[in-house]
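Please look over the chain shown below.

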Amino acid sequence: MATIQEKLTESLKALKAYQDSHPDNLVICGASTLGVTHTKRLVDNGYLQMVIKGWYIPSSPGSEGDSTVWYVSYWSFVVSYLDNRFGEDWCLSPELSLYVYSGKSVIPKQLIVRSNKASNNILSLPFGTSILDIKASVPDNVEREQRYGIRLYPLPLSLLMASPDYYRRNSL
C-alpha cells in the first residue's frame with residue numbers, strides 16, 4: 001500500500017506532466033484534467049488553489065490567503081476561462097482595451113468583456129476582482145495581445161468607442 005507521501009508524489013508528477021505539456025497555461029480547468037483524486041490531493045495540500053468551481057491555479061503550500069499567486073495567474077485565467085466559455089466570440093471593452101494598449105499593468109478590479117454569447121452577469125473572482133460579461137457585438141477584426149492572448153478591440157475603434165468620461169478620468 002502506498003504511503004501518503006507516495007500518493008502526493010504521484011499527484012505532483014501528474015501536475016508536472018500537465019504543466020510540461022501546457023507551458024504557457026497556468027490554469028487547470030476541471031478536475032478531469034488531472035483526475036479527481038489528484039486534484040483533490042493537490043488542493044488539500046496547497047499545490048492548487050480553486051479560483052471558481054472547477055478552475056484551479058498552481059500555488060505553493062502555505063500561500064493560502066496570499067494574493068500573489070492570483071495576480072500572477074490573472075490574465076492566464078481570464079483568457080482560458082473566456083476562451084472556454086465564449087470561444088473566439090469575446091473581447092475586452094473599448095475602455096479596457098485602451099487600458100491594455102497603454103501598457104498599464106495593474107489588474108483591473110472589474111474586467112468588462114463583450115460577447116454575443118454573454119449573459120450580462122458578474123463573475124466574482126478572488127481578492128475583489130470580477131468579470132462582467134456584456135451581451136454586445138464584437139468587432140470582426142479583434143486583435144490579440146501577444147503576451148497573454150487577450151482579445152482586444154482594435155486600437156482605432158477603441159479610441160472612437162471609448163466614452164468621453166474615459167478620457168476625462170484618464171487624461172494621460
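How do the residues of the lining of the second largest pocket divide into nonpolar, polar and charged? They divide into 7 nonpolar, 2 polar and 1 charged. Here Ala, Val, Leu, Ile, Met, Phe, Trp, Tyr, Cys and Pro count as nonpolar, Asp, Glu, Lys and Arg as charged, and the others, Gly among them, as polar.

## Model and confidence

This is a predicted model, in which local features need pLDDT of at least 70, side-chain atom pairs count only at pLDDT 80 or more, and totals for chains, interfaces and linings use all residues. Residues are numbered from 1 along each chain as its sequence is written, and side-chain values use heavy atoms, with hydrogens and water left out.

The mean pLDDT of the chain is 91; pLDDT is the predictor's confidence in each residue, from 0 to 100. A value of 70 or more is reached by 100% of the residues. Among the elements, strand β1 (residues 28–29) has the lowest mean, 88. Strand β7 (residues 130–135) has the highest, 97.

## Overall build

The chain holds 6 helices and 9 strands. Both are DSSP runs numbered from the N terminus: helices are H or I with at least four residues, strands are E with at least two. The C-alpha trace spans about 65 × 30 × 25 Å along its principal axes.

Of the 172 residues, 45% count as buried. Buried means under 20% relative accessible area, exposed over 50%, and partly exposed in between (1.4 Å probe, protein chains only).

## The four-stranded sheet

An open sheet of 4 strands runs in the order β4-β5-β7-β6, with mixed pairing. Strands β4 (91–92) and β6 (121–124) stand at the edges with a single partner strand each, so one side of each has no neighbour in the sheet. Two strands pair if DSSP finds at least two bridges between them.

Strand β5 (residues 110–115) runs parallel to β7, joined by 6 bridges. Arg114 stands opposite Ile134 in β7.

## Loops with positive phi

Asn120 sits in the loop between β5 and β6. Its phi is positive, about 55 degrees, although Asn120 is not a glycine. Asn120 is partly exposed, at 48% relative accessibility.

Phe127 lies in the loop between β6 and β7. Phe127 is not a glycine either, yet has a positive phi of about 60 degrees. Its relative accessible area is 35%, so Phe127 counts as partly exposed.

## The three-stranded sheet

A further open sheet has 3 strands in the order β1-β3-β2, with antiparallel pairing. Here β1 and β2 (48–52) are the edge strands, each with a single partner, so one side of each is left without a neighbour in the sheet. Even so, 4 of the 5 residues of β2 are buried, so β2 is largely enclosed by the rest of the structure.

Strand β3 (residues 55–58) pairs with β1 over 2 bridges and with β2 over 4 bridges. Tyr56 in β3 is the bridge partner of Ile28. Tyr56 also has Met50 opposite. Strands β2 and β3 form a hairpin with 2 residues between them. Gly54 in the turn has a positive phi of about 90 degrees.

## Cysteines

The whole structure contains 0 disulfides, a disulfide being a pair of cysteine sulfur atoms within 2.5 Å. Cys29 is partly exposed, at 30% relative accessibility. Cys91 is buried, with a relative accessible area of 0%.

## Pockets

The largest pocket holds about 240 Å³ of space. On a 1 Å grid over the protein atoms alone, a pocket is an open set of points where a 1.4 Å probe fits, with protein on both sides within 12 Å along at least five of seven lines; lining residues have an atom within 4 Å of a point. Grid points are joined across faces, edges and corners, and the volume is the space filled by probe spheres set on the points. The lining has 14 residues, of which Trp75, Lys104, Ser105, Arg147 and Tyr148 lie nearest the centre. Helix α3 (residues 68–86) gives the largest share, 4 residues. By class, the lining has 9 nonpolar, 2 polar and 3 charged residues.

The second largest pocket holds about 200 Å³. Its lining includes Lys104, Tyr166, Tyr167 and Asn170. Elements α4 (94–101) and α6 (164–169) each give two or more residues to that lining. The most come from α4, with 3 residues.
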